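Student: I'd like to go through this one label by label and hear what stands behind each term. Can we start with how packed helices get described?

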Amino acid sequence: MMKLDWRYNLLYAAILGMEGCWLYALMVMLNHVNGGRLSVLWLLLLYPIAFGFNRLLQKLKLPRPKITARAISWLAWAVAMLLSVKVHLYGGAALTDTTWLLAVPQAIAHLLETFRPELLLLIATAVLWWLGRRLAYQRVSFAAAASEFQFGLVMLLIVFFVNAQLNLNVNSIPVALAFFLFALSGMSIGHATEGGGWLSGLYRGHWSGLLLASIGAVIVFGLIISVLVTPDLLQVLLNALKWAVGIVWGAFVKLMLWLASLIPEPKPVPLPASPPMPGGN
């Protein structure tokens, strides 16, 4: 049982890492757009804190566990959100100063005029806390790790594409490399916990070596890609993709016009002669 527990702990850590990578990339992009006033790494720490806090709530014997645990959890989020506002935006203000306590309500009141960093903190902390709470109550498995990999990969591609379109100077290679490292480790451990991987098969004594070799291969390929793939090369590839799409679309339009020219034009149908109008007396 102890062996099984540490495997699940590693799987939780791998999923935390995968989600943390795309969350970091997304928050860095939003922070750049919103003025860059937030410390993304410190803010991201709220995610594992939420996971650990909600795991602890599961082990406590609370009256009406589901309702009480949910209420305590979201009350803790409200405190963490306010402290995040204090630390990131009002570091010089005293704890007794009500300015940082009223910052979020004031930002909501002026939402139609401007999107303040307080609103970004409100949304970001809520998402981080919800994801940490969801993972704390989730039964991790190989399928869960694979689903997190697929969703995280889509999110990273969207974020990287938006970064390129907005010309944001963000180095995405380390985040992508870390994401694939966590994904490879998580799916390997998840597969092993179900009795189909290295931890339970014929090569159980060599699973760690194989895993490290695979991770090393990902690191090497990642370093090679980081050297070869430059912003200029990405721009060339994007221009080539746009050119190819333009060629395909032009050919499609010409094909549609040619097919339309093959359809014979309808012959005009002679109208029946109108009866003579009766003459007036």
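This is a predicted model: local features need pLDDT of at least 70, side-chain atom pairs count only at pLDDT 80 or more; totals for chains, interfaces and linings use all residues.

Student: What makes an angle and a distance the things to quote?

Tutor: Two packed helices are described by the angle between their axes and the distance between those axes.

Student: Which residues of H4 and H6 meet?

Tutor: On the H4 side they include Arg70, Trp74, Trp77, Met81, Val85 and Leu89, and on the H6 side Pro117, Glu118, Leu121, Trp129, Trp130 and Arg133 are among them. By class, the contact has 13 nonpolar, four polar and three charged residues.

Student: How do you know which way H3 runs relative to H4?

Tutor: The axes of H3 and H4 come within 10 Å and cross at roughly 155°. Roughly antiparallel means over 145 degrees, and that makes H3 roughly antiparallel to H4. The crossing of H3 and H4 is right-handed.

Student: And what makes the contact of H3 with H4, class by class?

Tutor: H3 brings Leu46, Phe53, Asn54 and Leu57, while H4 brings Ala69, Ile72, Ser73, Ala76 and Ala80. Sorted by class, that's seven nonpolar, two polar and no charged residues.

Student: Staying with H4, how do you know that its length agrees with what a helix should span?

Tutor: H4 covers residues 65–89, which is 25 residues, and at 1.5 Å a residue they should span 36 Å. The end C-alpha atoms of H4 are 35 Å apart, which agrees.

Student: Which residues of H4 are buried, and what do they pack against?

Tutor: Among the buried ones are Ala69, Ser73, Trp77, Met81, Val85, Lys86 and Leu89. The buried residues of H4 pack against helix H2 (40–44), helix H3 (46–59), helix H5 (103–109) and helix H6 (117–136).

Student: Let's do another pair. Why are H7 and H8 called roughly antiparallel?

Tutor: Helix H7 (residues 142–166) and helix H8 (residues 173–193) have axes that come within 8 Å and cross at roughly 165°. The cut-off is over 145, so H7 and H8 are roughly antiparallel to each other. H7 passes H8 in a left-handed crossing.

Student: What makes up the contact between H7 and H8?

Tutor: From H7 you get residues including Phe142, Phe149, Leu153, Leu156 and Phe160, and from H8 residues including Val175, Phe179, Phe180, Met187 and His191. The class count for that contact is 13 nonpolar, four polar and no charged residues.

Student: How do you know what span to expect for H8?

Tutor: Go by 1.5 Å a residue: H8 has 21 residues and reaches 30 Å from its first C-alpha to its last, close to the 30 Å expected.

Student: Why does isoleucine 173 count as partly exposed?

Tutor: Isoleucine 173, in helix H8, has 25% relative accessibility. Partly exposed is what falls between the buried limit, under 20%, and the exposed limit, over 50%, so isoleucine 173 counts as partly exposed.

Student: And what label does valine 154 get, and why?

Tutor: Valine 154 is found in helix H7 and has 46% relative accessibility. Exposed would take over 50%, so valine 154 counts as partly exposed. The C-alpha atoms of valine 154 and tryptophan 22 are separated by 9.2 Å, though the two are 132 residues apart along the chain.

Student: Last one: how many helices and strands does the protein have?

Tutor: There are 10 helices and zero strands. Of the protein's 281 residues, buried ones make up 32%.

Conventions: Residues are numbered from 1 along each chain as its sequence is written. Side-chain values use heavy atoms; hydrogens and water are left out. Axes are lines fitted to C-alpha atoms, for helices over the stretch in contact, and angles run from 0 to 180 degrees between N-to-C directions. Helices (H or I, at least four residues) and strands (E, at least two) are DSSP runs, numbered from the N terminus. Angles under 35 degrees count as roughly parallel, over 145 as roughly antiparallel, 65 to 115 as roughly perpendicular and the rest as oblique. A crossing is left-handed if the near helix is turned anticlockwise from the far one by less than a right angle, and right-handed if clockwise. Contact means heavy atoms within 4.5 Å. Ala, Val, Leu, Ile, Met, Phe, Trp, Tyr, Cys and Pro count as nonpolar, Asp, Glu, Lys and Arg as charged, and the others, Gly among them, as polar. The expected span of a helix is 1.5 Å times one less than its number of residues. Buried means under 20% relative accessible area, exposed over 50%, partly exposed in between (1.4 Å probe, protein chains only).
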